Amino acid sequence: MNSHDVVLIPGDGIGPEVTDAASRVLEAAGAPVRFQVHHAGLAALDRGDEVLPESTVDAIRHCGVALKGPCTTPVGEGFTSVNVQLRQKLNLFAAVRPVRNLDGVSTRFDDVDLVIIRENTEGLYSGVENQVTPDVVMSMKVATETACDRIARWSFRFATRRQRKKITVFHKANIMKITDGLFLRCARHVHQTEYPNIEYEEVIIDAGCMKLVQDPSQFDVLLLENLYGDVVSDLCAGLVGGLGVVPGANIGEELAVFEAVHGSAPDIAGQGVANPLAVTMSSVMMLNHIAESQDDPVCRDASSRIKSGYNQTLSDGCLTGDLGGELDTAGFVNALVERIEASDS
Ligand code: NAI
């Protein structure tokens with residue numbers, strides 16, 4: 001059987017716990033992947049390396065695909081986010097975060113089926129910050145036509161392939177007329193000239209957030225610049241059960257890094273209670289990506305076995321603490337692996 005080399009970055013905090021769990025699940029489902037472990041973040045610093053070692057970046061360039069645990073970023077001081085650096089270095093310009101209700105996870109809503117697409121390389125995450133005078137600091141929001149056009153094009157192509165009906169851009173072009181104005185202009189142009197059949201709307205982000213928490217079913221694909229996409233991803237996670245259940249992918253022209261939306265959760269790290277589902281779901285997205293890009297039906301099969309397995313596990317009421325259940329990380333993985341293996345017999 002053909003095996004695919006994939007970089008595994010365990011990450012920091014709960015990262016190693018949840019990526020270990022996802023590895024067990026992939027193995028139980030017979031996923032044809034061979035992990036090469038490389039480090040980034042505090043885990044790399046602890047090993048006496050750079051925060052984002054060149055060897056990790058090169059390994060992803062070589063393998064083309066990575067599964068990544070979250071990496072801690074110090075707040076208000078210290079090094080630049082490894083996550084932001086990685087996305088910029090590898091030009092992983094589209095963050096894709098599907099947000100859906102899951103059987104067995106009850107929330108205020110039962111009809112959430114959204115995909116968030118976040119521009120991943122610029123905006124206020126460009127890292128252009130400086131101290132103008134001792135008491136004046138500034139941060140630059142960068143938007144380029146190349147990146148705005150690229151993410152708009154990618155989003156409409158994605159929507160078409162996935163039979164999605166509508167793209168909504170959340171923006172603040174009433175205030176940031178030039179930067180958000182450019183983002184809107186590019187999306188509008190791609191819609192009008194190439195994808196008139198996909199419904200398109202523009203919503204000012206503050207009202208958009210209100211609409212999201214009132215009735216998320218009115219949205220389909222959300223397209224946002226970097227900071228808005230980051231914030232709205234967590235808001236949407238809250239609609240379907242929290243950060244433990246929302247996966248993600250960072251996609252470029254040739255490379256892809258799969259990771260949950262959540263961070264390293266220092267408040268619960270080391271306790272063995274983190275929900276490994278978001279990273280496991282990210283690994284399902286990874287298998288689908290390999291299946292599509294390399295035409296591998298074995299990856300497709302493993303991905304659907306994991307997906308049916310976690311749907312069954314959740315429907316049977318096997319839930320981790322964050323979802324109101326009593327299972328710890330290992331307990332949830334055991335329950336999931338049991339169901340995947342039972343589907344063999
Ligand atoms: P966080 O996502 O780590 O945690 C927010 C809350 O959600 C915490 O109460 C945490 O316990 C809970 N939570 C998150 N994931 C969970 C899981 N799988 N199971 C159960 N509960 C879970 O966000 P926070 O606290 O803002 O950030 C912590 C660190 O993570 C920071 O250093 C931040 O920069 C980093 N971060 C890294 C990301 C990445 O690597 N892609 C993404 C987001 C944050």
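Proline 196 counts as exposed because its relative accessibility is 53%. Exposed means over 50% relative accessible area, buried means under 20%, and partly exposed lies in between (1.4 Å probe, protein chains only). Proline 196 sits in the loop between α6 (179–194) and β9 (199–204). Helices (H or I, at least four residues) and strands (E, at least two) are DSSP runs, numbered from the N terminus. From proline 196 to glycine 321 the C-alpha to C-alpha distance is 45 Å, and the two are 125 residues apart in sequence.

This is a predicted model: local features need pLDDT of at least 70, side-chain atom pairs count only at pLDDT 80 or more, and totals for chains, interfaces and linings use all residues. Residues are numbered from 1 along each chain as its sequence is written, and side-chain values use heavy atoms, with hydrogens and water left out.

**The ligand**

The ligand is surrounded by 21 residues. The closest are Cys71, Thr73, Gly263, Ala265 and Asp267. The shell has nine nonpolar, seven polar and five charged residues. Here Ala, Val, Leu, Ile, Met, Phe, Trp, Tyr, Cys and Pro count as nonpolar, Asp, Glu, Lys and Arg as charged, and the others, Gly among them, as polar.

Some atom pairs stand out by name. An oxygen atom of the ligand is 2.8 Å from a backbone N or O atom of threonine 73. Aspartate 267 has a side-chain N or O atom 2.8 Å from an oxygen atom of the ligand. Glutamate 259 places a polar side-chain atom 3.1 Å from a nitrogen atom of the ligand. On its own the ligand has 810 Å² of accessible area, and the protein covers 69% of that. Such areas come from the Shrake-Rupley method with a 1.4 Å probe.

**Two positive phi angles**

Most residues other than glycine have a negative phi. Alanine 265 has a positive phi of about 40°. Alanine 265 lies in the loop between β12 (256–258) and α9 (277–294). Asparagine 91 also has a positive phi, about 55°. Its loop runs between α4 (82–89) and β4 (94–100).

**Salt bridges**

Side chains of opposite charge can pair when their charged atoms come close. A salt bridge is a side-chain nitrogen of Lys or Arg within 4 Å of a carboxyl oxygen of Asp or Glu. The count comes to 19 salt bridges. The table gives some of them.

| Pair | N to O distance |
|---|---|
| Arginine 34 and aspartate 5 | 2.9 Å |
| Arginine 162 and glutamate 292 | 3.8 Å |
| Aspartate 206 and lysine 172 | 2.8 Å |

Aspartate 206 is in helix α7 (residues 205–214) and lysine 172 in the loop between β8 and α6, 34 residues apart. Is lysine 172 buried or exposed? Lysine 172 is buried, because its relative accessible area is 18%. Aspartate 206 is partly exposed, at 46%. Glu54, Asp58, Arg61 and Lys89 are linked in a network of salt bridges.

**A nonpolar patch**

Val128, Val132, Val136, Met138 and Met140 form a nonpolar patch on the surface, with about 390 Å² of accessible area together. Patch residues have over 30% relative accessible area and no salt bridge; like charges are joined within 9 Å, and nonpolar side chains (Val, Leu, Ile, Met, Phe, Trp, Tyr) within 5 Å. Valine 136 lies in strand β7 (residues 136–139). Valine 136 is partly exposed, because its relative accessibility is 40%.

How values were computed. Near = heavy atom within 4 Å. Polar contact = N/O pair within 3.5 Å; in protein donor to acceptor, adjacent residues only side chain to side chain.
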